[in-house]
Amino acid sequence: MDSRLRSVGVLLAGGVGQRVGLGTPKQLIEVAGRTIIEHSLAVFESAPEIDEIVVLMTPGYADRVREIVARGGYRKVSKVVDGGSSRTESTWRALAALGEEECDVLLHDAVRPLLEPRIITECVRALETHEAVNVAIPSSDTVLVATPEGAIGEVLDRSRLRRSQTPQCFRLSVIREAYERAMADPGFAGLPATDDCGVVLRYLPEVPIHLVQGSERNIKVTHPADLHIAELLFRLPAPVPAGDRGALAGQVIVVLSSAESRPEAIAREAARHGATVRVLTEADGVRVEDLDSVVKALDDVGAADHVVLVAGAAHSGDLAHASAETVADAVGAGHLAALNVARAARPHLRAAAGAAPRPRPGLLLQVPPGSGALHESGAAAVAGLTQALAREWAADGIRVNCVNTGASPLVVAQTSLDILISDLSGQVIDVRVDGT
């Protein structure tokens, strides 16, 4: 019997995004194919340590978040409530929504969409022996204390400095007592704490706050430039969570292969984990550069939970030396094939999404390694298509991802299956190092 306390992830999304300079709350801005809040929701939803999620949202936008939760199948979300006018007021409202039963609470800035699952795991583990836990990383900058006259007054010892992140984690009874004392203090409103650890440190100084190592990727989207930084970070080789591939058992995976591609590895691996696999190749009369051919082939298959386009041979060399036939073949097997497979697959994936399977249905596009302008332009087109489709199809509950291949067929196949069972969407993932 599991005797551990219930672990609740609280997403604090009450901000209005004034510093970002947009009329929409920044947590509803799209980055890498999803709204920022959905990226954060997905991390907590997929964390096995998290039992429940509560969202504190900017007043007037709670229904929008409820739509995102329903569409994305985030089953752990129990409440979406209005946040407050400040960080501390939002936390106070979250504590009221959690009820009286003791639990572990992980308070996370919803606008930190790049939180790594490892951090959640370590925080929950730390709460087994500590009542308060903060996530932090070492400071890489020298920090100065300025005098009132604008001169350097003190240079702080960088070896002792840490930059605070979230989640900030507490036993519910501890953080609630700290806030009850703060709310009873007439001076608190005039000098409020900037975060929840500050409240505990001020009003329960006897409670030590344990530190868990954070991540440089765990940035907070605050300023307009942060949106671009987050987008670029999502484009970096994404860590693909190694999930339970047995989740594919009973699901239908259709593998389409372009000319000179090798679909055997992914078909074999998927079947080994219980999936029903249909491989469609030129030998079956399927030409991925011809839309009608792909539509007919998928209609003949019927229901499909996942569709994978396996990469063929890529072009390498200068565009100036490529013949017209070479250009046509490269475009047909690359960008055009991806467009055709996407157009033909959508009705089948929408039907699968309506049946609410887990994992959610997905389209996976593979891009082979190559070099030169012809290859790079094609790869960029497929990457752009991936991210645009992820945004367009999010409302249908369909995920879209892209894999730049380059490792052994087995590693590519295993990584592709891990992507299919994950919550990733809008990701362009590099598998260029053979990890076997």
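Select arginine 118 to begin: at 30% relative accessibility, this residue counts as partly exposed, a class that lies between buried (under 20% relative accessible area) and exposed (over 50%), with a 1.4 Å probe and protein chains only. The model is predicted, so local features need pLDDT of at least 70 and side-chain atom pairs count only at pLDDT 80 or more, whereas totals for chains, interfaces and linings use all residues. Residues are numbered from 1 along each chain as its sequence is written, and side-chain values use heavy atoms, with hydrogens and water left out.

**Salt bridges**

Arginine 118 forms a salt bridge with glutamate 116, and the closest N and O atoms are 3.6 Å apart; the term denotes a side-chain nitrogen of Lys or Arg within 4 Å of a carboxyl oxygen of Asp or Glu. Glutamate 116 is partly exposed as well, with a relative accessible area of 21%. By this rule the model has 19 salt bridges.

Next, select aspartate 418 and arginine 245. Their closest N and O atoms lie 2.9 Å apart in a salt bridge. This pair links distant parts of the chain, 173 residues apart: aspartate 418 belongs to helix H12 (residues 409-420), and arginine 245 to the loop between helix H7 (224-235) and strand S12 (252-257). Helices (H or I, at least four residues) and strands (E, at least two) are DSSP runs numbered from the N terminus. Aspartate 418 and arginine 245 are both buried.

Move to helix H9 (residues 291-301), which holds both lysine 296 and aspartate 300, 4 residues apart, about one turn of the helix. These two residues form a salt bridge, with 3.1 Å between the closest N and O atoms. Both lysine 296 and aspartate 300 are exposed.

To see a network of salt bridges, select Arg87, Asp109, Arg112 and Asp196.

**Pocket and cavity**

Display the largest pocket, which holds about 970 Å³ of space. On a 1 Å grid over the protein atoms alone, a pocket is an open set of points with protein on both sides within 12 Å along at least five of seven lines; a cavity is a set where a 1.4 Å probe fits but cannot get out, and lining residues have an atom within 4 Å of a point. Grid points are joined across faces, edges and corners, and a volume is the space filled by probe spheres set on the points.

The largest pocket is lined by 35 residues, and those closest to its centre are Ser46, Pro117, Pro241, Ser422 and Asp423. Helix H1 (36-46) and helix H4 (117-126) are the elements that give two or more residues to this lining; H1 gives the most, with 5 residues.

Then select Gly33, Arg34, Glu38, Arg360, Ala390, Ala394, Ile398 and Ser425, which line the largest cavity. That cavity has about 50 Å³ of space, and the count of cavities of 30 Å³ or more is 1.

**A cis peptide bond**

Most peptide bonds are trans. Select threonine 166 and proline 167: the peptide bond from threonine 166 to proline 167 is cis, with omega near 15°. Proline 167 lies in strand S10 (residues 162-171).

**Last stop**

Finish at valine 155, in strand S9 (residues 152-155). Valine 155 is exposed, with a relative accessible area of 51%.
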